[in-house]
Amino acid sequence: MNISVPAKDVKIELKNVHKRFGQKVVLHDLALTVPKGKSLVVIGGSGSGKSVMLKCILGIIRPEKGSIKVDGKDVTRLSTTDREKTLTKFGMLFQNAALFDSLPVWENVAFGLIQGRNMKRKDAKEIAIEKLGQVGLTTDIGDLYPAELSGGMQKRVGLARAIATDPEIIFFDEPTTGLDPIMADVINDLIVNSVQKLGATALSITHDMASARKIADYIAMIYKGEIIWAGTRDEVDNSGNEYVDQFIHGRADGPIKMDVLKP
Amino acid sequence: MNPLAIIGNVVIAALGETGRLSVFTWKAITHILRPPFYWRLIGEQMMRIGYFSLPVVALTAFFTGGVLALQVYYGSDQFNSESIVATIVALGITRELGPVLGGLMVAGRAAAAIAAELGTMRVTEQIDALSTLSTNPFKYLVVPRVVAAVITLPALVFIGDVIGIFGGFVVGTQTLDFNAGVYIKTTVDFLELDDLTSGLIKSSVFGFIIAMMGCYQGFHSRGGAQGVGRATTNAVVNSSILILAANYVMTSLFFSS
Ligand SMILES: Nc1ncnc2c1ncn2[C@@H]1O[C@H](COP(=O)(O)OP(=O)(O)O)[C@@H](O)[C@H]1O
Ligand SMILES: [Mg+2]
């Protein structure tokens with residue numbers, strides 16, 4: 001089962017993507033369609049290949065096989081210059097924020113503007129402060145260093161950095177993992193707001209169902225490196241797929257077996 | 001396991017590593033020549049790699065010059081040894097000991113620091129984050145460090161040469177009771193420009209080795225704190241060995257004719 005939208009409304013399309021590290025197969029015949037201007041959330045357990053999938057789309061990891069199209073153009077075999085051009089369309093919030101610890105917060109947020117768009121530092125700083133405001137951080141945070149912030153604040157700075165260049169496509173890698181439920185919901189709201197404001201296409205990955213329900217238009221499930229189900233947010237409760245059912249209800253018993261030693 | 005298989009695996013691993021390092025080096029060189037150029041970062045790295053290594057290099061050079069003077073004095077017949085000591089100190093320092101010991105000291109400082117910094121950036125996904133922000137990690141991280149090291153190492157070693165010769169002079173005049181004027185005159189008479197430049201060219205190559213090894217190990221580190229630690233150790237050990245090997249090759253090239 002896959003998401004079916006007219007071809008002109010497809011932003012990203014993955015087909016038959018394979019990736020392995022040594023003997024370990026991480027992505028196996030993965031296919032996924034991300035509709036333009038919508039928010040797609042991919043759910044799945046730890047180690048199921050979610051982050052690797054995002055990095056393949058970004059060209060940080062090169063798949064052995066398959067095609068990945070962004071706006072109809074295959075990005076898996078691009079030259080360095082073309083890849084850099086394509087990457088200007090993207091913003092990404094990393095799993096652990098991945099802030100540059102040698103730079104103050106405002107410069108982290110302004111980085112894509114200064115380095116990527118050659119904006120003057122002064123102008124970029126103004127935009128950075130504005131974006132920090134959008135994620136609920138005050139101006140004085142801008143001069144602190146990432147190590148001086150709590151995990152939740154780091155995620156918010158990461159979010160501000162991801163949206164600073166007004167990208168067409170935003171990736172969120174486990175935006176709520178490791179946050180308390182209230183902060184997680186704050187982040188969810190911020191994601192929904194920023195995506196709506198930009199009219200961007202959003203691709204998020206998470207294993208937090210509350211978060212998925214809140215930010216998704218569409219939901220897909222990845223299992224052992226393969227998309228095993230995809231549909232709209234409301235269809236997820238009646239998917240008729242026992243893997244999906246087990247996952248969204250968080251049951252230990254079911255077709256998905258955890259490799260734990262029984263006592 | 002079959003011993004032949006073990007040898008085979010080691011050889012394959014070594015060849016693979018050499019191949020990866022060559023590709024990495026080639027990528028770095030092509031990026032050095034293409035814009036954008038991050039001048040500010042080059043300046044910053046020149047401070048870190050060059051300026052902050054000055055005390056270490058200066059102290060190393062001073063004591064090396066001094067000990068060289070002592071050893072030559074004790075090893076010679078001690079009559080008329082003034083000119084022998086001055087000559088050997090000047091040539092030894094400028095041709096070999098200045099660049100090699102300077103290079104090794106900077107390898108310990110800078111290669112380790114580069115590998116640790118880039119390694120941490122790798123395992124915390126900061127390097128991946130760079131490319132999502134339209135910034136080529138090679139240009140932003142590797143090029144400034146390589147350029148800075150290639151420029152600053154000769155400068156450092158030149159200062160080290162002067163201090164090393166001065167170290168020999170201090171020991172010569174204070175401990176061995178040489179005549180200061182004669183010592184200086186001998187040094188100036190025997191030292192040729194070639195001695196100095198060959199050492200400075202060497203040190204530039206050492207700078208390249210140091211920055212490349214630091215960056216390479218940092219870029220390829222994985223697996224958290226332990227991986228970063230391993231990268232740091234490898235950067236220091238490998239760059240030191242490469243410096244000594246490259247030094248041998250360059251000495252045989254420069255001084256064969
Ligand atoms: N660079 C890499 N080298 C080797 N193995 C990797 C690498 N990146 C990810 N993996 C492996 O791929 C699998 C999937 O990883 P990942 O996509 O990060 O999982 P998750 O779904 O939790 O995000 C894991 O088993 C991980 O060990
Ligand atoms: Mg992940």
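This is a predicted model: local features need pLDDT of at least 70, side-chain atom pairs count only at pLDDT 80 or more; totals for chains, interfaces and linings use all residues.
Residues are numbered from 1 along each chain as its sequence is written, chains are lettered from A and ligands numbered from 1 in the order in which they are written, and side-chain values use heavy atoms, with hydrogens and water left out.

**Chain B overall**

- Chain B has nine helices and zero strands, where helices (H or I, at least four residues) and strands (E, at least two) are DSSP runs numbered from the N terminus.
- The C-alpha atoms of chain B fill a box of roughly 65 × 55 × 35 Å along the principal axes.
- Of the 257 residues in chain B, 48% are buried; buried means under 20% relative accessible area, exposed over 50%, and partly exposed in between (1.4 Å probe, protein chains only).
- Counting contacts (heavy atoms within 4.5 Å) in chain B between residues at least 6 apart in sequence, 87% join residues at least 24 apart.
- Chain B carries 14 positive and 14 negative side chains, and the centres of the two sets lie 17 Å apart. Lys and Arg count as positive and Asp and Glu as negative, with His and the chain ends not counted; each charge is placed at NZ of Lys, CZ of Arg, CG of Asp or CD of Glu.

- B:Thr25 sits in helix α1 (residues 3–33) of chain B and is buried at 18% relative accessibility. Leaving aside neighbours within four places in sequence, B:Thr25 is in contact with B:Phe208 and B:Met212.
- B:Glu192 lies in the loop between α7 (180–190) and α8 (193–219) of chain B and is exposed, at 51% relative accessible area. B:Glu192 and B:Leu91 are 101 residues apart in sequence, with their C-alpha atoms 8.8 Å apart.

**Magnesium site and helix α1 of chain A**

- The magnesium ion (ligand 2) has A:Ser51 (OG) and A:Gln95 (OE1) as protein donors, lying 2.1 to 2.5 Å from it. A:Ser51 belongs to helix α1 (residues 50–58) of chain A and A:Gln95 to the loop between β6 (90–93) and α3 (105–116), so the pair ties together parts 44 residues apart in sequence.
- Donors are N, O and S atoms within 2.8 Å of the metal (3.2 Å for Na, K and Ca); water is not among the atoms, so sites may look incomplete.
- A:Gln95 is partly exposed, with a relative accessible area of 25%.
- Nine of the nine residues of α1(A) are buried, so this helix is largely enclosed by the rest of the structure.
- Just after α1(A), A:Gly59 takes a positive phi of about 80 degrees.

- The largest nonpolar core has 81 residues, and A:Leu32 and A:Phe171 have the most contacts inside it. Such a core is a set of buried Ala, Val, Leu, Ile, Met, Phe, Trp, Tyr and Cys residues joined through side-chain atoms within 4.5 Å.
- A second, separate core of 48 residues includes A:Val41, A:Ile43, A:Ala97 and A:Ile163.
- Beyond neighbours within four places in sequence, the contacts of A:Phe171 include A:Leu54, A:Ile57 and A:Leu58.
- A:Ile187, in helix α6 (residues 181–198) of chain A, is buried at 0% relative accessibility.
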